[in-house]
Amino acid sequence: MVMSSVPRLVIAAPSSGSGKTTVATGLMAAFAARGLAVSPHKVGPDYIDPGYHALATGRVGRNLDAYLCGPELIAPLFLHGARGCDLAVVEGVMGLYDGAAGEGELASTAQVAKLLRAPVVLVVDASSQSRSVAALVHGFASWDPGVRVGGVILNKVASDRHEELLREALESAGVPVLGALRRAVPVETPSRHLGLVPVAERQSAAVEAVRAMAALVSRGCDLDALEALARTAGQVPGGSAPWTPIPTRSADKQAPVVAVAGGPAFSFSYAEHTELLAAAGAEVVTFDPLHDEQLPEETAGLVIGGGFPEVYAGELSANEPLRKAVAGLAERGAPVAAECAGLLYLCRELDGQPMCGVLDATARMTERLTLGYRDAVAVGDSVLAVAGTRMRGHEFHRTVVEPGAGAAPAWGVRTPVRRVEGFVQQGVHASYLHTHWASEPGVARRFVERCRTS
């Protein structure tokens, strides 16, 4: 068994809204400013926080999701991302012990902390309480003996006197206070219908937000003590080796161009997807559907991930040359993989604005949030999978596509209710489900092989 001793911290909280993202991103930036190579990670399927993490560290933000990828891949994926780093910071999801609904600890921050054998720093919203904070911290620290809560960072502290009361109370809990952040210091991270606005949409403002987080954390936290705690983590069980995309391209095979949509409208992607495509022999080229009027030269396949096309429907619709190019590529039978935002872009229209027209379906915004993990099985053969392939996915959107499935659906979904979903036609595979290809590397290999032969 290969072992690694990357110093690491998991930043968790009793609940959402406690300040995890501010503290985790600020810590990443503060440690990076000290000259450390910091590896950023996020528990769960979230695409937006890793963008801020990347700004803070200068490295790709990576997700650790035990539901999408399985618990057995958490340590290998962590080691893959942390290779060559001095320290890793892992931002949790929701409350420390919250995971996939009805699945116990699966996909919780606590489970990931145990799988990584990493100490947890609990970020507590201390507003409107004083002595009660000790009971709260004691409960979280003692709930699961396998989770080591190594310190507390108090957030939204009102005054010096308030901080003094909180510290006195926590002395009895046996968990050291490693920081106290005043509530009076705002950090501007604007939100909208699906959470924080992605970095790709607000580059300069996002840089300033990360700088403000770093300043806040540097002033209010004991960075030396936090780094020392990270160094107590010891070894991570990494299986036989860190996860790696295994090269499968033969020297005598061509490298087909796989175009991957990016830019502000399509900013949701897992880093491992492009790594797997490249390992399978593709030449991966990113383009921006908001501005590029043509697909990259010699495009043989197209990947359109998640994002916010509903915010940019007018601009996407106005780029008629690219819409026609995408439709033409699909008509020729070239492989096209579309997830969520990509699905909307392939429809006839989105909120009344013409889209690519690849699918005989319409999409529109709604007030209803669709959110949750999904167990899925491929209904038939497609450019991504053979019939019967099982994968786990995640839905997160406030849109609806009508009809919800084509004559040949993409997936049969078993949670929360049994249904079919998505579209398979010619070389197109389009669905609302976000999947993590590291859990099924054959998806990328099959896609690239179809790019060579279509």
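Contact here means that heavy atoms lie within 4.5 Å of each other. The structure is a predicted model, in which local features need pLDDT of at least 70 and side-chain atom pairs count only at pLDDT 80 or more, while totals for chains, interfaces and linings use all residues. Residues are numbered from 1 along each chain as its sequence is written, and side-chain values use heavy atoms, with hydrogens and water left out.

View 1. S218 is found in helix α8, residues 203-220; helices (H or I, at least four residues) and strands (E, at least two) are DSSP runs, numbered from the N terminus. With a relative accessibility of 37%, S218 counts as partly exposed, a class that falls between buried (under 20% relative accessible area) and exposed (over 50%), as found with a 1.4 Å probe on protein chains only. Not counting residues up to four places away in sequence, S218 touches A30 and L223. The C-alpha atoms of S218 and G179 are separated by 9.3 Å, although these two residues are 39 residues apart along the chain.

View 2. The domain assignment of the protein chain gives domain 1 (8-232) and domain 2 (257-452), with bounds that come from an automatic or database domain assignment. Their C-alpha centres lie 32 Å apart, and the contact between them takes 24 residues from domain 1 and 30 residues from domain 2. A nonpolar core is a set of buried Ala, Val, Leu, Ile, Met, Phe, Trp, Tyr and Cys residues joined through side-chain atoms within 4.5 Å. The largest such core has 113 residues, of which F78, L116, L154, L226 and L277 touch the most other members. Helix α1 (residues 20-33) gives the most to this core, with seven residues. Both domain 1 (8-232) and domain 2 (257-452) give residues to this core, so it lies between them. A second, separate core of 40 residues includes L343, L344, L350 and C356.

**View 3. Phenylalanine F78 and helix α5.** When neighbours within four places in sequence are left aside, F78 is in contact with V6, R8, H41, L64, A88, V90, L116 and V236. One of these partners, L116, is also among the buried residues of α5, which are T109, A110, Q111, V112, A113 and L116. Helix α5 spans residues 109-116, and six of its eight residues are buried, so it is largely enclosed by the rest of the structure. The helix is followed by R117, whose phi is positive, near 50 degrees.

View 4. Rolling a probe the size of a water molecule over the atoms shows where empty space is left. At least two lining residues are supplied by each of α10 (271-279), β14 (299-304), β15 (336-339), β23 (428-431) and β24 (434-435). H436 is found in the loop between β24 and α14 (442-453), and is buried, with a relative accessible area of 1%. Leaving aside neighbours within four places in sequence, H436 is in contact with L68, C69, Y270, E272, H273 and M391.

View 5. Most residues other than glycine have a negative phi, and most peptide bonds are trans. A cis peptide bond, with omega about -5 degrees, joins E402 and P403, and P403 has its place in the loop between β19 (390-402) and β20 (411-413). M94, in the loop between β5 (87-91) and α5, has a positive phi near 50 degrees and counts as partly exposed at 36% relative accessibility. K156 is found in strand β7, residues 149-157; although not a glycine, K156 has a positive phi of about 60 degrees.
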